[in-house]
Amino acid sequence: MALFRKLLIANRSEIAVRIIRACKELGIKTVAVYSAADKEALHVMLADESICIGPASSSQSYLNIPAIISAAEITDAEAVHPGYGFLAENPHFAEACMTSGITFVGPTTETIRLGGDKAKARQIMKRKGIPVVPGSDGPILDEEAALKIIKKIGVPVIIKASSGGGGKGMRIVNDEKDLNQAYHMAQREALASFGSGELYIEKFIPEMRHVEVQILADHKGNVVHLGERDCSIQRRHQKLIEESPYILATPQFRKKIGELAVKAAKAMRYRNAGTVEFIVESSGDIYFMEINTRIQVEHPVTEMITGVDLIKEQIKIASGEPLSFRQQDIKFSGHSMECRINAEDPDRFIPCPGRLTMFIPPGGPGIRVDTAAYCGWVIPPHYDSLIAKLISYGKDRQEAVVRMRRALSEFKIEGIRTTIPFFMKVLEDPDFLSGNFNTNFIDKNINIAK
Ligand code: MV4
């Protein structure tokens with residue numbers, strides 16, 4: 001089967017560069033799109049062609065569906081890769097691509113819609129026998145229904161928005177009498193952020209690990225998993241460090257969580273790359289949380305320990321190729337971690353865009369840097385502040401940590417402030433080093449100025 005001749009990348013920054021690299025290896029011509037603020041961006045320089053799609057603001061450029069579809073039509077691109085963020089999980093965009101005869105590199109419109117409806121996804125998984133945290137069966141219709149569930153499962157509970165993400169529309173209820181206020185606050189926030197106030201309820205697991213599984217699925221119904229990633233080191237619902245394998249994963253644990261992820265994918269007739277997110281309780285119990293229908297920021301750690309190029313696989317699947325490997329062909333070796341380096345004040349996490357007067361990324365054994373930054377480039381203030389993903393690989397966790405520390409100390413960035421000093425602190429923390437952490441780690445162990 002022939003791959004695409006030309007592919008348009010509907011994104012910017014490091015992920016656009018990452019997709020261009022995959023296309024080059026596959027012999028596919030690339031089209032970069034860019035906003036007025038990104039004329040000097042690296043993804044524009046590396047693509048075969050580029051086309052301006054609007055002014056600096058995301059809503060008028062990288063989120064502008066008609067502009068991106070027009071760009072694909074003008075340049076005669078057969079496929080569009082959405083990357084992550086922006087339009088990656090927008091079912092209207094996937095639909096618009098299809099209507100225009102352009103292949104969307106990702107799951108079907110229906111799958112994207114279901115992934116975005118977290119109450120429904122949870123309900124479907126529960127019905128298919130995949131464990132979910134005790135809570136509502138689908139969305140809750142009113143406060144009375146919420147109270148009934150609390151009476152049944154007890155406090156604490158967490159109220160979540162069906163269209164949620166990024167912690168918006170989320171409230172923890174520790175006492176039945178706080179339900180009224182929490183319910184209405186969550187509803188109001190959800191409505192304002194997502195245009196839907198639909199909510200659902202789960203038992204609140206106070207000491208959870210966020211463990212997710214990478215899957216790949218083809219058009220023939222073959223689904224494989226590529227192991228798990230521990231994403232528990234997060235702050236304000238932003239992941240900061242991810243690693244694979246999960247330090248507490250035994251071969252049996254990996255087999256179990258992997259099989260659950262494959263079952264979840266099959267339950268929704270998934271295709272292309274996806275991530276199934278789980279809550280892992282301190283007891284080791286595993287619960288389905290949600291499914292992300294995009295390639296994720298942290299995909300490199302999985303690539304490092306499996307040797308699979310996930311972006312190339314996404315493109316091959318989208319072109320109709322069946323998977324070239326079975327589950328038993330996937331071999332896991334070594335340990336990998338990723339630090340998301342942001343252009344932010346490391347003490348306060350406040351963005352600080354500006355000119356990079358010096359930018360010398362680290363290298364050497366076991367180090368990979370995914371970035372679109374270069375010396376002299378001016379980081380625009382309009383987008384998120386991720387400037388580089390620093391990924392380390394070692395034969396074991398200890399070696400991955402040592403290499404990460406060495407690489408952080410080598411990384412020379414001047415002209416702006418970055419979160420590198422923050423990562424140095426985490427990589428010296430005894431609880432982090434021993435694997436004794438959960439999603440509360442940053443609040444508990446790292447001092448951040450208020
Ligand atoms: C949870 C949870 C505990 N129990 N769900 C979901 C989105 C992700 N960003 C955080 N989420 C959580 N879901 C259940 N059933 C704990 C979190 C959570 C969290 C919740 C509220 C405030 C801060 C938090 C930090 C990490 C994880």
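Guide: Let's start with a term: contact here means heavy atoms within 4.5 Å. With that, among contacts in the chain between residues at least 6 apart in sequence, 66% join residues at least 24 apart. Keep in mind that this is a predicted model.

Visitor: Okay. How many helices and strands does the chain have?

Guide: There are 15 helices and 20 strands.

Visitor: Switching to sheets: what's the strand order in the open sheet of eight strands?

Guide: The order runs 13-12-9-10-11-14-19-17, with antiparallel pairing. Strand 13 (286-292) and strand 17 (367-371) are the edges, each pairing on one side only. From one strand to the next, the twist averages 25°.

Visitor: How many bridges join strand 10 to strand 11?

Guide: Four, between residues 223-235 and residues 238-244. Arg235 sits opposite Gln238 of strand 11.

Visitor: Now helices. At what angle do helix 1 and helix 11 cross?

Guide: Roughly 65°, with the axes of helix 1 (residues 13-26) and helix 11 (residues 310-318) coming within 9 Å. The crossing is right-handed.

Visitor: Which residues make the contact?

Guide: Helix 1 contributes several, including Ile15, Arg18 and Leu26, and helix 11 brings Leu310, Ile315 and Lys316, among others. By class, the contact has eight nonpolar, four charged and no polar residues.

Key: Residues numbered from 1 in each chain as written. Predicted model: local features only at pLDDT ≥ 70, side-chain atom pairs only at ≥ 80, totals over all residues. Heavy atoms only, no water. Axes fitted to C-alpha atoms, helices over the stretch in contact; angles between N-to-C directions. Helix = DSSP H or I, 4+ residues; strand = E, 2+ residues; numbered from the N terminus. Left-handed = near helix turned anticlockwise from the far one by under 90°. Nonpolar A, V, L, I, M, F, W, Y, C, P; charged D, E, K, R; others polar. Pairing = 2+ DSSP bridges.
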